[in-house]
Amino acid sequence: MNFNGLVLRYEILDTLEFTSDRKCMSVVVRDCQNGRIMLLSKGADEAIFPCISSEQQVRPVVEAVEHFAQLGLRTLCLAWRDLKEDEYRDWSIMYKEASSSLIDREWKVAEVCQQLEHNLELLGATAIEDRLQDGVPETIETLRKAGINFWMLTGDKQNTAIQIALLCNFISPEPEGQLLLIQGKNLDEVSRSLERVLLTMRISSTEHKDVAFIVDGWTLEIILKHHYEAFTDLAMLSRTAICCRVTPSQKAQLVELLKACDYRTLAIGDGGNDVRMIQEAHIGVGISGREGLQAARAADFSIGKFRFLKRLILVHGRYSYNRTAFLSQYSFYKSLLICFIQIFFSFVSGVSGTSLFNSFSLMAYNVFYTSVPVLMSVLDKDLSERTVMQHPQILFYCQAGRLLNPSTFAGWFGRSLFHAAVVFLVTIHAYSNEKSEMEELSMVALSGCIWLQAFVITLETNSFTILQHAAIWGNLIAFYVINFIVSTIPWAGMYTIMFRVCKQPAYWLTMLAIIILGMGPITALKYFRYTYRSSAINILQQLERSQPNTHSNPNLEAPIKNMEREVSPLSVTHPKSSKASVYEPLLCESPSTKRAAGVAAFDFLQASPSRLSIIYSRSKNN
């Protein structure tokens, strides 16, 4: 080590590694010049101050640490002491035995370290500015508008955590917001503080005020052990929570608490202390940066900046939900369509078990004829990315399960039954007086299904690209090409069938009748809903199409505000709780909103009617 031009040499004898329980680390070094052995320690103030010698005055350093914390700086305390040769030799033997133990190794190592870290001399404290990344306040504010709740889990001091929360719009200052403190030195004090905060939170739940609570790791340990149910009720009521001085295991316990209530959680962090929390949550997001890649490697998604979370949820998350909802229900629809036709044919054939379609047609139906167009739904966008980012409130439709719920499944079930009836009845009546083989009747019915599904996908697609057009209409052409090729094979069971069917005018008239009768009512119903019962998404779609080249889109705000007043409150119930329902507006947060005490909901890209709770862990880079 170079100090003022002098080269000082030290030999590192032992390293007492940092752990979340000890909250400090130490090294034992020997001065190579005089053989002096020293213990150098650094760590959190709550870990270093109790180890300081009683003869030393630490009040000035304590006041400095508190002052630095109020400024939002991250503090670290430094201490040291001399070790005698005999003392170090005896301790080293115990440390090696504890380090090689196969049972309770961490606990034994911590106990041995504690025997050495005492009677320290306080050197001072350091404070560094932990600057927020760009876009953190804006991201949190936008996601709040989308109905997302935030929890901040950090190892910082209480004052530091509060200042950072204020800087990033995590909590609102007075009088718009109110921060409730849960604290206590023993079980009775913690119980009274928790009861007081819970009562205040229940009273404030009917007011239009941003109320949050803050709790430290020591108090949280008592609460999770003795007041688990009460803390669960508090978690349901609060939209914002700050947990400071928490360990990685406590972070994971809090995520597990919310998951036990059937909530959807997303955990985001950038350090190794966040790995357990990220792995415990339903969805883990790791930020890759100066803290390393431990969190990013353990997460489901990895992003470079916290502000990218807004795009991940609002754009990619919402598109993923919409596409998954359509893909699952459409697959359900097309499979039922062919099954219902088989059921109808069984009544005509006297329930003989005869299949209307041959084995090749049944195999190719799901593998070739209907798979390609629906896979192109991954490119569909109901709204542009810019519109989604400007109006995050539309995420409420995903949280409410408007596109994927029993009602929508029933609608697709009814559509498959209706289309099967149309295809079968029109085909039977069109060929009732024709002298046709059953293979010809089968091909006509199968062609009707393929034509209907091409128009169904076209009707349900919001944005078209060249690939989607090629998939829909190219698949229809491929259907005829494949069947013409198969019809040329004598042993395929469809020899010359397609050639004979396509020469008949009745075949094309039947296809036209199936399309008109099958798609007419569906199109009329969709037009009625789109025109007379428009949702906020429909209004935004209309304005996008009427103003395709407008980048600022100033006229989008007025329809959203009108929609906020017109839309009915959304009933969101808690799946495991017997308490009353929570009523949330679809696109507004009016003070008159009814909200039951003790219930809150969290949701993320799921069909269940709940809200999303994001566990936001702040570390050095964020």
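This briefing describes the overall make-up of one protein chain and then some of its local features.

The structure is a predicted model, in which local features need pLDDT of at least 70 and side-chain atom pairs count only at pLDDT 80 or more, while totals for chains, interfaces and linings use all residues. Residues are numbered from 1 along each chain as its sequence is written, and side-chain values use heavy atoms, with hydrogens and water left out.

**Overall picture**

- Of the 622 residues in the chain, 48% count as buried, where buried means under 20% relative accessible area, exposed over 50% and partly exposed in between (1.4 Å probe, protein chains only).
- The chain exposes about 30,300 Å², and carbon and sulfur atoms supply 57% of that area; accessible areas come from the Shrake-Rupley method with a 1.4 Å probe, and for residues only the protein chains shown count as cover.
- Of the contacts (heavy atoms within 4.5 Å) between residues at least 6 apart in sequence, 71% join residues at least 24 apart.

**Helix H10**

- Helix H10 covers residues 248–260, and its 13 residues should span 18 Å at 1.5 Å a residue; the end C-alpha atoms are 18 Å apart, which agrees. The expected span is 1.5 Å times one less than the number of residues.
- The buried residues in H10 include Leu254, Val255, Leu257 and Leu258.

**Aromatic rings**

- The structure holds 22 aromatic pairs. Rings of Phe, Tyr and Trp (its six-membered ring) pair if their centres lie within 6.5 Å; planes under 30 degrees apart count as stacked, over 60 as edge-to-face and the rest as tilted.
- One of the pairs is edge-to-face: Phe479 and Tyr480, at 5.1 Å centre to centre with 80 degrees between the planes. Both of these residues are buried.
- Tyr480 also forms a stacked pair with Trp508, at 6.0 Å centre to centre and 25 degrees between the planes. Because Tyr480 lies in helix H20 (residues 466–486) and Trp508 in helix H22 (residues 505–532), the pair ties together parts that are 28 residues apart in sequence.
- Trp508 counts as partly exposed, at 41% relative accessibility, whereas Tyr480 is buried at 11%.
- Tyr369, Phe479, Tyr480, Tyr507 and Trp508 are linked by ring pairs into a cluster.

**Charges over rings**

- The charged end of Arg144 sits over the ring of Phe170, 5.7 Å from its centre. This requires NZ of Lys or CZ of Arg within 6 Å of the ring centre and within 35 degrees of the ring normal.
- Arg415 lies over the face of Trp412, 4.4 Å from the ring centre.

**Lys157**

- Lys157 is placed in the loop between strand E8 (148–153) and helix H6 (158–167), and it counts as buried at 11% relative accessibility.
- The side chains of Lys157 and Asp45 are joined by a polar contact of 3.1 Å. Such a contact is a pair of N or O atoms within 3.5 Å; within protein, one must be able to donate a hydrogen and the other to accept it, and residues adjacent in sequence count only if both atoms are side-chain atoms.

**Ile537**

- Ile537 lies in helix H23 (residues 536–546) and is buried, with a relative accessible area of 12%.
- Ile537 and Ile394 are 143 residues apart in sequence and 7.1 Å apart in space, C-alpha to C-alpha.

Definitions and conventions
Helix = DSSP H or I, 4+ residues; strand = E, 2+ residues; numbered from the N terminus.
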